[in-house]
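Take a first look at the fold below.

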Amino acid sequence: MVVTAEFILILITSYVGVSWGFGLEIGGFNFNLPLIGDGGNGSPSSYAPGPPGLQVGFYEGRCPDRTVDVEALVATTVQEQFRKDPTILPALLRMQFHDCFVHVGIYGCDASILIAGTSSEKNAGANLSVRGYEFIDAVKAALEAECPGIVSCADIIAVATKVAIKLGGGPDYVVQTGRRDGLTSSMDDVDLPSPFIPVSQSISAFRAKNFNAEEMVVLLGCHTVGVAHCEFFQDRLYNDNDQFDPNMDANLRKHLMLACPRGSSASNSVAFLDQNPPSSNKVDNSFFGQIKRNRGILPIDQALARDPNTSATVKQLSLDASIFNIKLASAMIKLQALDVLTGTQGEIRKVCSKFN
Ligand code: HEM
């Protein structure tokens with residue numbers, strides 16, 4: 001399904017406080033959305049000029065060779081990688097979430113997760129299995145060759161994630177650009193929700209970032225792709241454990257027990273987060289059908305289908321693929337704009353893993 005710029009505009013206006021000028025203001029940031037058509041492929045063909053900040057097509061005409069299309073270059077690189085290894089999709093999605101959600105109320109999507117170093121974010125426990133760093137480095141190197149010092153690493157993550165979502169069968173939405181890269185990255189700032197918390201705590205964590213419970217459920221629907229390691233669900237399998245889940249689907253339990261035998265805590269085995277095999281690598285609503293049938297993998301995923309605060313949303317999303325696509329597009333736009341740096345804030349890194 002193609003979610004056009006105009007459609008997103010209508011969608012955004014329907015759920016956030018909006019002030020019209022040259023663009024759209026959400027949470028203090030200006031979004032200059034296309035005024036005329038989107039060329040039929042989700043790419044803006046025209047948009048209004050506006051103040052510095054996030055905007056659609058921020059990089060148009062900014063490279064020394066003004067014809068260089070930054071977003072197309074990122075898209076081609078993602079397409080090539082996706083053909084070789086479709087797991088770049090879950091890798092980027094998770095990286096995007098962990099980058100945006102990481103700081104305790106300071107900065108969000110600022111590529112701070114990419115910084116190398118023993119005490120940087122990427123070495124925090126919650127980030128140890130985040131993947132895709134080499135890919136972002138490769139995209140950055142290609143962009144530096146064409147357009148040195150112009151494109152932020154934070155925007156590379158955002159555009160690459162958006163492209164990967166579409167390649168995985170998800171919505172085709174318009175992502176704004178103009179993010180800048182953060183100047184700090186500390187493992188002590190990493191405060192991501194644990195998969196073992198109850199739904200109420202997860203709702204609070206998302207509310208603290210201005211996402212409501214429905215948006216949280218939609219975003220957790222990104223667990224429609226990718227995998228989890230045994231350590232995150234093994235305790236639900238065996239009945240001598242506090243976290244034993246007696247209601248787990250019996251066939252799923254058998255299958256997971258083979259992958260994660262009792263006591264194999266150091267197991268590197270993984271299970272698909274969406275246990276519907278034809279759809280485990282697709283961005284679709286099948287994850288919601290699975291958790292409704294007690295076939296969730298992470299404790300938090302399964303809890304969404306059982307908690308009275310979220311079960312109705314899970315049911316709705318499981319029944320309507322297009323509603324999921326539409327809501328995912330708007331939740332991703334909001335996530336990818338979370339506490340971004342723009343204008344003269346931060347920097348444009350030369351190498352994504354190092355401050356300048
Ligand atoms: C309460 C919120 C969330 C919790 C507790 C959570 C937790 C987890 C855990 C424990 C894993 C497995 C990691 C591993 O075994 O290596 C995982 C994987 C993943 N998460 Fe989440 N997550 C949350 C929200 C999100 C959101 C909002 C997104 C995307 C916007 C997301 C995208 C992913 C993806 C795509 C994977 C698979 C990664 C891969 O295959 O490499 N998660 N998550």
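The paragraphs below go through these places in turn.

This is a predicted model, in which local features need pLDDT of at least 70 and side-chain atom pairs count only at pLDDT 80 or more, while totals for chains, interfaces and linings use all residues. Residues are numbered from 1 along each chain as its sequence is written.

A residue is near a molecule if its C-beta atom, placed from the backbone, lies within 6 Å of it. There are 24 residues around the ligand, and Pro90, Ser129, Cys222, Gly226 and His229 come nearest. Helices here are DSSP runs (H or I, at least four residues), as are strands (E, at least two), numbered from the N terminus. The largest share, 5 residues, comes from α3.

Now turn to the loop between α8 (250–259) and β6 (270–272), where serine 267 is found. Not counting residues up to four places away in sequence, serine 267 touches Cys230 and Cys260. Such a contact means C-beta atoms, placed from the backbone, within 7 Å. Glutamate 231 is 36 residues from serine 267 in sequence, yet the two are 7.5 Å apart in space, C-alpha to C-alpha.

Leucine 304 is in contact with Val199, Val217, Leu220, Ile291, Thr310 and Val314, leaving aside neighbours within four places in sequence.

Definitions and conventions. Two residues are in contact if their C-beta atoms, placed from the backbone, lie within 7 Å.
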